[in-house]
Amino acid sequence: MAGHGPLRTLDERLGHAVAGGGFPSSAAHFLADLGNTAVALPVLVLVMLWTGWRGGREWRRGSREAVDGVVRGQRWLPPLAAGAALAAVPALVVPLKLWLARPGPPQMAGGGHDGFYPSGHAATAAVAYGAAALLVLKCQAGREERGQGRRVAVPVLVTGVIVAEAGVGVGLVRCGYHWPLDVLGSWCLAGVLLAAWSAVCGRWGPATGGGRKRGGKADRLRGAAPQCPAAAPGGSRGAVPKRPRGRSADCRTEAPHGDGRRTGPGTDGGQSSG
């Protein structure tokens, strides 16, 4: 459809209109450069390192008694998955370009390739900045200090990413590097990659694999007192559970003594009181 279908004519008309519009050329080149790997990759790497360090502190605080090796491994899963999503961009974009082989705008005539759909710059910017924003939001969601800060951070990050992606798309079309549908196709591809990132983090991330959901195992590691069995039924007094001393006390019972009366604290060393 975008390369040889009925939308191609409308797409090229829109591309010519944007390229010949009054948008400043210097600003367009600056926005288009935001999709370069040399710009987007360092931004994502910095956010990956920051969220891995900051989020790890919060996740370990909520699951201090859990298995540390598992928690440490899981706290780095979202940042590493974000890096993998960005690495998947060229692995998907390049074959699609070669397969569709859509010609580029007139300014790109005589280039080294004919494939321009989808745009690699637009996909790189969408995945890098989108994943960075999602990492920050996930780190904020794991903190205890929710409230006003998070209510402000969510709309600011979402608006910033949308504005940045729209700016990159307009810059690419205004500079004559791509057609509008090239950019739109890249955004669709980025949406699939970010959705896959979210699914991976939701399935195996610290929010589900570690933290407070390990309460049962954490309690056992803390040495929580096990529940003691109830006293044996019957007419005579059977084994009576002794109150556990401390958190690591075992359940112990005392054997009946003599006529069935128990011994223990408050019984004068086992002598009968009557």
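Reply: Helix H2 (residues 25-33) has the highest mean pLDDT among the elements of the protein chain, 94, whereas helix H10 (residues 215-222) has the lowest, 45. Here pLDDT is the predictor's confidence in each residue, from 0 to 100, and helices are DSSP runs of H or I with at least four residues, numbered from the N terminus. Over residues 63-71 the pLDDT is below 50, and this stretch has 10 contacts in the model beyond near neighbours in sequence; a contact means heavy atoms within 4.5 Å.

This is a predicted model, in which local features need pLDDT of at least 70 and side-chain atom pairs count only at pLDDT 80 or more, while totals for chains, interfaces and linings use all residues. Residues are numbered from 1 along each chain as its sequence is written, and side-chain values use heavy atoms, with hydrogens and water left out.

In H2, Ala28, Leu31 and Ala32 are buried (under 20% relative accessible area, with exposed over 50% and partly exposed in between; 1.4 Å probe, protein chains only). These residues lie on the same side of H2 because they cover an arc of only 100° around the axis, taken from the directions from the helix axis to the C-beta atoms. The face turned away from that buried side carries exposed Ser26 and Phe30.

The largest nonpolar core has 34 residues, of which Leu44, Val89, Val127 and Leu135 touch the most other members. Such a core is a set of buried Ala, Val, Leu, Ile, Met, Phe, Trp, Tyr and Cys residues joined through side-chain atoms within 4.5 Å. H2 is among the elements that give two or more residues to this core.
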